[in-house]
Amino acid sequence: MFKYGKNKMRALNNFCKEVKILDINKVWEEVLENVKNTVSTQVGYNVHVKSSVPVSATESVFTIRVPITINRNMIQFRYKDCIESALEKVTGKKYNLKVLVIGENEDEEEKLPVSDTVNPKYTFENFVVGSSNEYAAATAISTAENPGYIYNPLFIYGNSGLGKTHLMHAIGNKIIHNNPRLKVLYVTSEHFTNDFINALKDKKMSEFKTNYRTVDVLLIDDIQFLHNKEGIQEEFFHTFNDLYSMNKQIVITSDRKPSELKNLEERLVTRFSQGLPIDVNVPNFETRMAILKKKAEMQGISINEDVLSYIADRIKSNIRELEGALLKIISMSEMSHREMNVELAEYVIKSILPEDGIVKITPNKIMDKVSVFYNITKDDLMGKIKTKNVAFPRQIAMYLCYKLTDMNYTTIGKAIGNKDRTTVMYNVDKIEKEISHNESLKEDINCIIKDLQSI
């Protein structure tokens with residue numbers, strides 16, 4: 001019988017103590033409970049999330065399976081961020097959520113060139129091109145075919161929900177398909193910020209620099225959120241220069257063009273402008289119709305053109321809202337066994353949009369979302385209770401009003417229980433400081449914001 005030496009046995013015992021075998025069924029039960037207490041509507045949770053089952057967990061990907069395609073689409077569109085946040089809370093590590101439909105072969109999918117950070121569902125093939133984005137799409141395709149040499153950096157800007165992120169992921173997927181050996185990294189500016197802060201805290205700046213400065217393609221989303229972060233802007237400036245000097249492709253998105261990024265350092269703005277800034281505009285009616293038809297085709301569902309025309313006519317400013325409305329109509333039809341006609345479309349859209357077809361973020365909507373998220377009542381938020389479980393959400397509601405609306409401190413105070421201006425100012429400042437070092441709080445707030453910005 002083979003005998004280990006004492007040192008080997010000690011090492012083996014230590015290894016066994018450190019390794020934790022992930023019980024995916026138990027983890028998923030906890031995740032579901034967390035998500036159930038987070039989402040604003042239990043109907044959507046019961047129909048699309050509750051029916052899912054865990055399949056596997058790798059180092060970075062947690063895979064689940066759902067009964068039908070609409071479940072997957074709704075999870076990816078509405079619940080993915082909240083589920084990934086819940087996974088992190090339950091397991092203590094970050095996972096990318098992968099959703100399969102019954103009948104799909106997980107093993108076959110894994111043979112395709114993939115990236116842990118680039119979303120494979122966003123491609124040039126399913127990006128609908130119209131007059132509002134044809135130049136941006138053509139430029140993105142050229143960039144993907146010749147990374148690092150034609151348009152570098154490529155700077156895509158425009159309002160939220162118009163397809164900037166889709167184009168960015170499509171670039172990444174095309175590059176990976178053409179050359180799977182290239183290292184492609186997609187991050188949001190918030191993710192970059194969090195990585196930088198954690199690297200400083202854990203004294204791992206060398207690893208941070210290696211991770212970001214050895215990629216072949218860097219895709220960074222929503223660069224405008226680096227504003228007023230001098231140390232992080234300094235680090236990004238050097239990362240940018242290192243990659244640019246080696247002809248590594250850089251793609252950046254923002255809600256405004258480089259010259260309007262007033263809170264970023266001038267040298268960064270100059271770097272962004274030296275490549276190609278290209279804008280994405282609001283799609284016209286024909287493009288909106290084409291988007292809806294493509295989305296319905298991807299669902300494998302035939303929808304009357306009158307229904308699609310009604311949706312396209314009512315929702316004009318945001319592709320994300322357009323797709324969300326279609327998915328909600330499909331979901332409502334499946335749940336209630338009603339025909340997908342104009343009458344159903346009118347009912348659904350009337351419940352989610354004002355007459356002008358634009359989702360407006362108001363103090364009432366913010367308080368509704370915050371109260372649901374923290375399991376308190378709206379009256380509590382507007383009242384005088386000062387216990388932490390109420391006072392903290394109230395501070396977050398004030399912060400979101402300040403960040404997401406045009407209201408000043410005085411009008412925010414009046415909206416949230418007639419609080420005075422100085423109280424609002426203090427609370428907004430407190431949350432801003434807390435967010436800078438509390439990643440969990442930042443995830444929570446982002447989840448609320450995404451919910452507010454979606455249908």
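Author: Start with how angles are taken: axes are lines fitted to C-alpha atoms, for helices over the stretch in contact, and angles run from 0 to 180 degrees between N-to-C directions. The model is predicted. In it, the axes of helix H12 (residues 285-299) and helix H14 (residues 319-336) come within 10 Å and cross at roughly 45°.

Reader: Why is H12 called oblique to H14?

Author: Angles under 35 degrees count as roughly parallel, over 145 as roughly antiparallel and 65 to 115 as roughly perpendicular, with the rest oblique. The crossing of H12 and H14 is at roughly 45°, which makes H12 oblique to H14. The crossing is right-handed.

Reader: Which residues make the contact of H12 with H14?

Author: H12 contributes Arg288, Ile291, Leu292, Lys295, Ala296 and Gln299, and H14 contributes Ile319, Leu322, Glu323, Leu326, Leu327 and Ile330. Sorted by class, eight residues are nonpolar, one is polar and three are charged.

Reader: What makes S1 and S2 a pair of strands?

Author: Two strands pair if DSSP finds at least two bridges between them. S1 and strand S2 (residues 61-66) are joined by four bridges and run antiparallel, so they meet that rule. Val53 has Arg65 in S2 as its bridge partner, and Ala57 stands opposite Phe62 in S2. S1 and S2 form a hairpin, with three residues between them.

Reader: What is the order of the strands in the sheet?

Author: The order is S1-S2-S3, in an open sheet of three strands with mixed pairing. Strand S1 (53-57) and strand S3 (96-101) are the edge strands, since each pairs on one side only. From one strand to the next the twist averages 30°.

Reader: Which strands does helix H2 touch?

Author: Helix H2 (residues 24-36) packs on the sheet and touches S1 and S2, its direction making about 125° with that of S1. Helix H4 (residues 69-91) lies across S2 and S3 and runs at about 155° to S3.

Reader: How many aromatic pairs are there?

Author: Rings pair if their centres lie within 6.5 Å, and by this rule the count comes to 14 aromatic pairs.

Reader: Why is the pair of Phe62 and Tyr95 called edge-to-face?

Author: Planes over 60 degrees apart count as edge-to-face. The rings of Phe62 and Tyr95 have centres 5.8 Å apart and planes at 80°, so the pair is edge-to-face. Phe62 lies in strand S2 and Tyr95 in the loop between H4 and S3, so the pair ties together parts that are 33 residues apart in sequence.

Definitions and conventions. Residues numbered from 1 in each chain as written. Predicted model: local features only at pLDDT ≥ 70, side-chain atom pairs only at ≥ 80, totals over all residues. Heavy atoms only, no water. Helix = DSSP H or I, 4+ residues; strand = E, 2+ residues; numbered from the N terminus. Contact = heavy atoms within 4.5 Å. Left-handed = near helix turned anticlockwise from the far one by under 90°. Nonpolar A, V, L, I, M, F, W, Y, C, P; charged D, E, K, R; others polar. Phe/Tyr/Trp six-rings, centres within 6.5 Å; stacked < 30°, edge-to-face > 60°.
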